[in-house]
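The points begin with the contact between the chains and then turn to single residues.

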2 protein chains.
Amino acid sequence: MTWVDVPADSDFPLENLPFGVAAVPGTSPTVVVRIGDHVLDLAAAGIEPSLTRQPSINALMASGRGRAVRERAAEHLAGPARPDTVHALRDGDVLLPFTVGDYVDFYSSLAHATNLGRILRPDDEPLMPNWRHLPVGYHGRAGTVVVSGTPITRPDGLVACGDGAPAFRPSTRLDFELEVGFVVGTGGARITPDDAAEHVFGAVLVNDWSARDIQAYEYRPLGPNLAKSFATTISPWVVTLDALERFLVPAPVQDPKPASYLHAERDWALDVDLDVTVNDTVVSRTNFRELYWTFAQQLAHMTANGATTRTGDLFASGTVSGESPDSWGSLMELSWGGSRRIELADGTSRTFLEDGDHVVVRGCCRAPGSPRIGFGEAAGTVVARRSE
Amino acid sequence: MTWVDVPADSDFPLENLPFGVAAVPGTSPTVVVRIGDHVLDLAAAGIEPSLTRQPSINALMASGRGRAVRERAAEHLAGPARPDTVHALRDGDVLLPFTVGDYVDFYSSLAHATNLGRILRPDDEPLMPNWRHLPVGYHGRAGTVVVSGTPITRPDGLVACGDGAPAFRPSTRLDFELEVGFVVGTGGARITPDDAAEHVFGAVLVNDWSARDIQAYEYRPLGPNLAKSFATTISPWVVTLDALERFLVPAPVQDPKPASYLHAERDWALDVDLDVTVNDTVVSRTNFRELYWTFAQQLAHMTANGATTRTGDLFASGTVSGESPDSWGSLMELSWGGSRRIELADGTSRTFLEDGDHVVVRGCCRAPGSPRIGFGEAAGTVVARRSE
């Protein structure tokens, strides 16, 4: 029990306490934990102020003292009331929680990779031969990772135009990608999957906005670049691996068995209900646990060649799609490459996103007898580029 | 003239004065300019100590005061002798000059892209249809950019093994890539090519080490990842665009004419002589000016979709190869996919790099009547992974 009023259906009960950065009265943006619709100013509560009176959670993550700080925050919130240390959240108060080091995006959903293969290369095997042997991924742009609520300006780019020269114009196939991202707390190299918990601080929701027409034109042979580099939205609350531990479940069976550096003994799939809304219509509903490659395997792969990972590195799952069409995590799949329209509750329909569309990714862990551990949301509204 | 003794053939005369970070006696690593075989401790000389008594040049670059600081350094070095402010460079004194934001690597040499296409896809057109319309590029790993001299551990990875499962083992096709990189001083979005000088602080040499066997197995459909993420070496001295200005020359004619966002009126090709040695044998000698896409076009492209660029972002040219075989900038090309051996002066030969091989990339701008403006070197020795 806590002296802060927590709504019954809140994503953020006392058992969650995710970390973030917020503007609170009387100081510059500072490290907080979220509780209900409030935040606790950790430094004001006297909890490790040298690590928490900071504009990002990076110093706290690097210190390895995240667990201790979260436990002290829980004690503070369960102890005598100290209303001077908590603040009601207002719009715009919440900032990017961490400085992103490198951002790697994977492609680890079997259904998503299969769907994309079928849509883009209908005459070939949908999966590349490497897909079941390693978690395919690429580096994205860290400098354009933005916090939930940031408007997303429709990107320009070169798109195919018949057999002639490509046209430079605003993307007409702007898409979302429903993903879950993991934040590195303490770095390392050649990390084994079963050591993931020593390195991963927590998780966020990710919308890896994608311009499918730009991507189709640019992506060979070096992968996507401008199609995705304009913006990636994350949820503002880093839900700790400690809070998520009870939702770790066995991963799907992998066939063929991967190389030994990808073997894990422990359970690293994560049972998170996910959904996406466009203008308040749910367009996809899925669960994260069916992802083919676990985040522990992704971390092991990313460092298996000897590459180091650092505090603040972000790696994301890739689009999370389930088997059934209502569980696919992108409009590319839901509209089957633009060939089917998706009906919204307001009577309009979409293949890809229009200006003004408001896209919200939500995620929540639920289990019988357990408090709800939610992620909040990764939201963004598409806006046209202002003419200048 | 300067009171510091500068060898006649030095890369670093008074007209160069590149920025770097070095360990100097009596303080923590600090911002310096290089002159001959010495460095000037800028803060000790009283030059903007709040910007120069720093562990990286990022604050100086972000301030926009780089030109003024370099001019004051030149005055200091041309004025009354102040030997207490300069230090002879010793091995190991020189550190990574800037904190890398995002690292984007392009693929902008026509000869290199054509060679790679012929080697990897001999039955197809060597160039993808997009290649002459946009500077193809991808994001690399910023956290593993290392300074010249850092040993390069041979990476492990999954490599193809007949028709069966891939094998996880040390790369046997480890390669260098001869490149030139550009450092963003002050950020922006939708930068036009002719505004490049307002945003680019300077240039460095780059060796984008590549494991060709890992790359061949992993790269479809999202591009290279572990094949390149283990290490990228840069030279320690950021040669300013001011020092390079007189070596800006007209770029090769582009046919077809690119989209208008890539048009430039000014000359943005850069006349830099480049070479690579393996164990002191020159294996490639080329010039940077023939690159098909200029760095100004690369910067414009990278931000054309609305993506921002930040202080410390690094973008590199891609392998610089000329027309003739002795000017190709990678062993992949020099050995034509491993089918020809390259003879070294010590009587041994190579297709790809062996443990112990020492690879040095050098670069220098020369013109009649002009002082030599050199880059120094980007060097690294390949070492086997220690057994543990």
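1. Across the interface of chain B and chain A, 24 residue pairs are in polar contact, both residues of each pair being at pLDDT 80 or more; a polar contact is a pair of N or O atoms within 3.5 Å, where within protein one atom must be able to donate a hydrogen and the other to accept it, and residues adjacent in sequence count only if both atoms are side-chain atoms. On the side of chain B that touches chain A, the elements that give two or more residues are β7 (137–140), β10 (156–159), α6 (212–218), α7 (226–229), α9 (295–303) and β23 (308–309) of chain B, and β7(B) gives the most, with four residues. Helices (H or I, at least four residues) and strands (E, at least two) are DSSP runs, numbered from the N terminus. The residues on this side of chain B divide into 25 nonpolar, 15 polar and 11 charged, where Ala, Val, Leu, Ile, Met, Phe, Trp, Tyr, Cys and Pro count as nonpolar, Asp, Glu, Lys and Arg as charged, and the others, Gly among them, as polar.

2. This is a predicted model, in which local features need pLDDT of at least 70 and side-chain atom pairs count only at pLDDT 80 or more, while totals for chains, interfaces and linings use all residues. Residues are numbered from 1 along each chain as its sequence is written, chains are lettered from A and ligands numbered from 1 in the order in which they are written, and side-chain values use heavy atoms, with hydrogens and water left out.

3. How many residues of each chain take part in the contact between chain B and chain A? There are 51 residues of chain B in contact with 51 residues of chain A, contact meaning heavy atoms within 4.5 Å. Between them the two chains bury about 4900 Å², 57% of it on carbon and sulfur atoms; buried area is the accessible area (1.4 Å probe) that two parts lose on being put together, summed over both.

4. Four salt bridges are counted between chain B and chain A, a salt bridge being a side-chain nitrogen of Lys or Arg within 4 Å of a carboxyl oxygen of Asp or Glu. The side chains of D156(A) and R190(B) form a salt bridge, at 2.7 Å from N to O. R190(B) belongs to the loop between β14 (188–189) and α5 (196–199) of chain B, and its phi is near 45 degrees, a positive value in a residue other than glycine. With a relative accessible area of 23%, R190(B) is partly exposed, on a scale where buried means under 20% relative accessible area, exposed over 50% and partly exposed in between (1.4 Å probe, protein chains only).

5. Further backbone features deserve a look in the model. Most residues other than glycine have a negative phi, and most peptide bonds are trans. D280(A), however, has a positive phi of about 75 degrees; D280(A) sits in the loop between β21 (273–278) and β22 (281–287) of chain A and counts as exposed at 70% relative accessibility. A cis peptide bond joins R220(A) and P221(A), with omega about 0 degrees, and another joins R220(B) and P221(B), with omega about 5 degrees. P221(A) lies in the loop between α6 (212–218) and α7 (226–229) of chain A, and P221(B) in the loop between α6 and α7 of chain B.

6. Over all chains there are 22 aromatic pairs; rings of Phe, Tyr and Trp (its six-membered ring) pair if their centres lie within 6.5 Å, and planes under 30 degrees apart count as stacked, over 60 as edge-to-face and the rest as tilted. The rings of F12(B) and W237(B) form an edge-to-face pair, because their centres are 6.2 Å apart and their planes stand at 65 degrees. F12(B) lies in the segment before β1 (19–22) of chain B and W237(B) in the loop between β17 (232–234) and β18 (239–240) of chain B, so the pair ties together parts that are 225 residues apart in sequence. F12(B) is buried at 3% relative accessible area, and W237(B) is buried at 2%.

7. The side chain of S108(A) makes a polar contact of 2.9 Å with the side chain of Q298(A).
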